[in-house]
Amino acid sequence: MSKIGFIGLGIMGRPMAGHLLAGGHTLYAFDPFGVSPELVEKGAIVGKNAAEVAKNADIIIMMVPDTPNVEDALFSAGGIAEGLTAGKIVVDMSSISPIETKVFAKKINDLGCDYLDAPVSGGDVGAKAASLTIMVGGPEAAFNTVLPIFQLMGKNITLVGGNGDGQTTKVANQIIVALTIEAVGEALLFASKAGADPAKVRQALMGGFANSRILEVHGERMVKRNFEPGFRIALHQKDLNLALQGARNLGLSLPNTATCQELFNAAAAAGGSAWDHSGMVRVLEKLANHEISSPSQAN
Ligand code: NAD
């Protein structure tokens, strides 16, 4: 059994850490906002800071919101780097900048430790069900060491390439998810304005070529008007920023990603930063001056 550190125990980190405890591992935990009593009851040992967690653990996992939070968790006073000795492995499962990831990895390598970027897809539902998709960048030997731990949290686990490639894969994932939410929103809006029941249209499309997890999950949210997160619009804006800044650096145009970011910006301006990302449809509805409504969903 391994000694694992877990830094960042929010919506995603909490259930993921729970699976590691259930798998029989020793878990050292730190979050500046505290560790849930439920995890402590299950045996999590709370550290006074990230450095103490890193000192006690052999593998240290981070699950924090954004690039500055990862930098802070790693390199601030009392951060992970202070507690590292050669041979440990640092694993970042947050969704952050692929470019900064390479810089962080190099600094951790200079301390004699390996670094894996291992962001996830599957949401809080996947975190609870231990069915996350995990996309990994880093050295193969470190990946093989951590694989049994990843397997306690996820199902589709792929070593994509070197450091940064896991985060690049996650940005690609977020491009597809945003554009598909936009497509499903437009399609259901069109159907509703044309007088068809969008709930039935969604059901009809689910058997065919237009089916997707987004049509199933986010399409249902649009029809049922359920915009409680889930995945907050503010986090998706962060991910599309990474896509658009990356595209700029690479000399690449991503026109529809830019449009989706503008729609998220408009949703945020309407007070929707904390809506589920399926709430993008509300902006399309404003443009159309028509709200999706489903006779079969009316109660
Ligand atoms: P969250 O805000 O619920 O949790 C993040 C936790 O990190 C918080 O408890 C916070 O206190 C802690 N934290 C922040 N800065 C820290 C620091 N410097 N040191 C230690 N802890 C710190 O966010 P979340 O929804 O759990 O998302 C975490 C990451 O996972 C994000 O990068 C997000 O994009 C990604 N993600 C989220 C989902 C989702 O559905 N929520 C799905 C896939 C990926």
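The structure is a predicted model, so local features are taken only where pLDDT is at least 70 and side-chain atom pairs only at pLDDT 80 or more, while totals for chains, interfaces and linings use all residues. Residues are numbered from 1 along each chain as its sequence is written, and side-chain values rest on heavy atoms, with hydrogens and water left out.

Helix α6 takes in residues 98-109; helices here are DSSP runs of H or I with at least four residues, strands are runs of E with at least two, and both are numbered from the N terminus. Its 12 residues reach 16 Å from the first C-alpha to the last, close to the 16 Å expected at 1.5 Å a residue (the expected span being 1.5 Å times one less than the number of residues). At the start of α6, S97 puts a side-chain oxygen within 3.2 Å of the backbone nitrogen of I99. That counts as a polar contact, meaning a pair of N or O atoms within 3.5 Å where, within protein, one must be able to donate a hydrogen and the other to accept it; residues adjacent in sequence count only if both atoms are side-chain atoms.

As for burial, P98, T101, F104, A105 and I108 of α6 are buried (under 20% relative accessible area, with exposed meaning over 50% and partly exposed in between, for a 1.4 Å probe and protein chains only). These residues sit on the same side of α6 because they cover an arc of only 105° around the axis, the arc being that of the directions from the helix axis to the C-beta atoms. The buried residues of α6 pack against α4 (67-75), β5 (89-92), β6 (114-117) and α9 (165-193), with contact meaning heavy atoms within 4.5 Å.

Turning to charged pairs, the structure holds 10 salt bridges (a side-chain nitrogen of Lys or Arg within 4 Å of a carboxyl oxygen of Asp or Glu). One of them joins K128 to D124, with the closest N and O atoms 3.8 Å apart. Both residues lie in helix α7 (residues 123-129), 4 residues apart, or about one turn of the helix. K128 is exposed at 56% relative accessibility, whereas D124 is partly exposed at 22%.

R225 bridges to E285, the closest N and O atoms being 2.9 Å apart. This pair links distant parts of the chain, 60 residues apart: R225 is in the loop between α11 (213-224) and α12 (233-250), and E285 is in helix α14 (residues 281-288). R225 also bridges to E291, at 3.7 Å between the closest N and O atoms. Here the partners are 66 residues apart, with E291 in the segment after α14. R225 is partly exposed at 27%, E285 is buried at 5% and E291 is exposed at 52%. Together, R225, E285 and E291 are linked in a network of salt bridges.
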